[in-house]
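Student: Let's go through this one by question and answer. Keep it brisk, please.

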Amino acid sequence: MRDYRSQLWDAVVIGAGPAGATAARRLSDAGASTLLLERQSLPRYKACGGGVPARTVQLLGGLDLSSVSEGRVDTIDISRFGRHQFRKTSKKPLAWMVMRDRFDQFLTDMALAAGAMIEDAAPVQSVVAGSGLYELETERGRVRARHILAADGATGPTARWLGIAAAPTRSAAYEVEVAAPTAALEHWRRAANVDVGYRPWGYGWVFPKDGKLSVGVVAAPKHGRSIRKQTDRYLSRLGLADARLINVQGHPIRYRRSNDEPVARDRALLLGDAAGLADEFTAEGIAYAVHSANLATDALLRSDDPAAAYRDAVNTWIQPELDAARTISRLYYWCVTSWPWLALKTSKHINYLWSAFFRVMRGDSTYADELSRLPGHQLAQRAVA
Ligand SMILES: Cc1cc2nc3c(=O)[nH]c(=O)nc-3n(C[C@H](O)[C@H](O)[C@H](O)COP(=O)(O)OP(=O)(O)OC[C@H]3O[C@@H](n4cnc5c(N)ncnc54)[C@H](O)[C@@H]3O)c2cc1C
């Protein structure tokens, strides 16, 4: 095995989630010497619903996910605290369901095949900027790199070490995987439940997996302590209170809310959750993790000033989506908590809302484009900002 400590790497990527694995693959494909360092032993579990919308697959270049797919979803089932239930179906598949240990390992294997060196169980302990290079301390010694791609997630320390204030935590999410009875598995086959009504905003979800269900709640951070109870109540409403729990985990989610929140400094770029690139409507982040990896690697490979090029690209391609998703989220959750009956009736009968959402999930449209069709959208966006 090569000794990765003796070499000056073109890039060291910190964190083997979707952002880090995608960045390592793309850099290696382009011939850059790339080391991917992951804190945990791979494959590692990540608290996540594991919903991978079709738009994420597009960003992954149309990658065939069949070897790691736990099923596909084309139907969204909406309820409010388990009541007023209705279903809407998309003509084309909306999302793939994955287990994050297998999915992330799949992406990491592709980086390895492209020529990246991967070290797992290798937490980075510090990063120091020197002249023209970075020095990283790991448990196994010091590593040097020309560029750093920090993809170490919502709780990763690299942004702090680099003196880049990362987006603050703005929601808490809690996920359990349950060995559900056959009838429940059959009921949710190809369908995801979204349960609304949580204050001030948030939702519960059921995502079907092979032989189990992922059930969880995402809520405002001040509800972090009660999120476990909310999840238990949700499980009861679903008739799953006695189902065996296979996995239980919580995790914060961060949201970048303006072009001014830093995503880079010199030759160090923050990717995915490390930069707060998750959206406030669905709380999803895998699409933005992959998108940011694409933009970061392009900036690093093509620009003399990767930090400026990456910042511009994030502000052009990702931030407008995060801003639009936040406006949509505020409007939607405000309606659902203020006039629940009316909001549910309206969303049931206005099919346009559903086709717009499905277009975004499939990658045929964007939140920003759909929001711009709404009368008064500029006013709404200004009010939310
Ligand atoms: C409960 C929950 C449910 C969610 N459901 C969905 C969903 O259904 N669909 C969706 O799109 N998004 C979902 N998200 C969001 C999604 O999980 C994240 O946006 C996504 O994982 C971000 O990917 P990433 O590569 O940026 O970071 P991560 O996937 O978090 O990967 C970061 C990696 O960095 C490693 N690391 C951290 N520190 C160090 C260090 N010092 N040295 C080396 N390695 C380090 C970590 O071990 C980790 O492997 C959910 C989030 C939560 C909390």
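Student: In E7, which residue is the bridge partner of Ser69?

Tutor: The model is predicted: local features need pLDDT of at least 70, side-chain atom pairs pLDDT 80 or more, while totals for chains, interfaces and linings use all residues. Numbering starts from 1 along each chain as its sequence is written. Strands are DSSP runs of E, at least two residues long, numbered from the N terminus; helices are runs of H or I, at least four. Four bridges join E4 to E7 (residues 95-98), antiparallel, and in E7 the partner of Ser69 is Val98.

Student: Why is one side of E3 and of E4 left without a neighbour in the sheet?

Tutor: Strands pair if DSSP finds at least two bridges between them. The open sheet has three strands, paired antiparallel in the order E3-E7-E4. E3 (51-53) and E4 (69-73) stand at the edges, so each has a single partner strand.

Student: Which residues come nearest the ligand?

Tutor: Near means a C-beta atom, placed from the backbone, within 6 Å. Helix H1 (18-29) and helix H7 (286-302) are among the elements that each supply at least two shell residues. Of the 40 residues around the ligand, the nearest are Gly15, Gly17, Gly153, Gly272 and Gly285.
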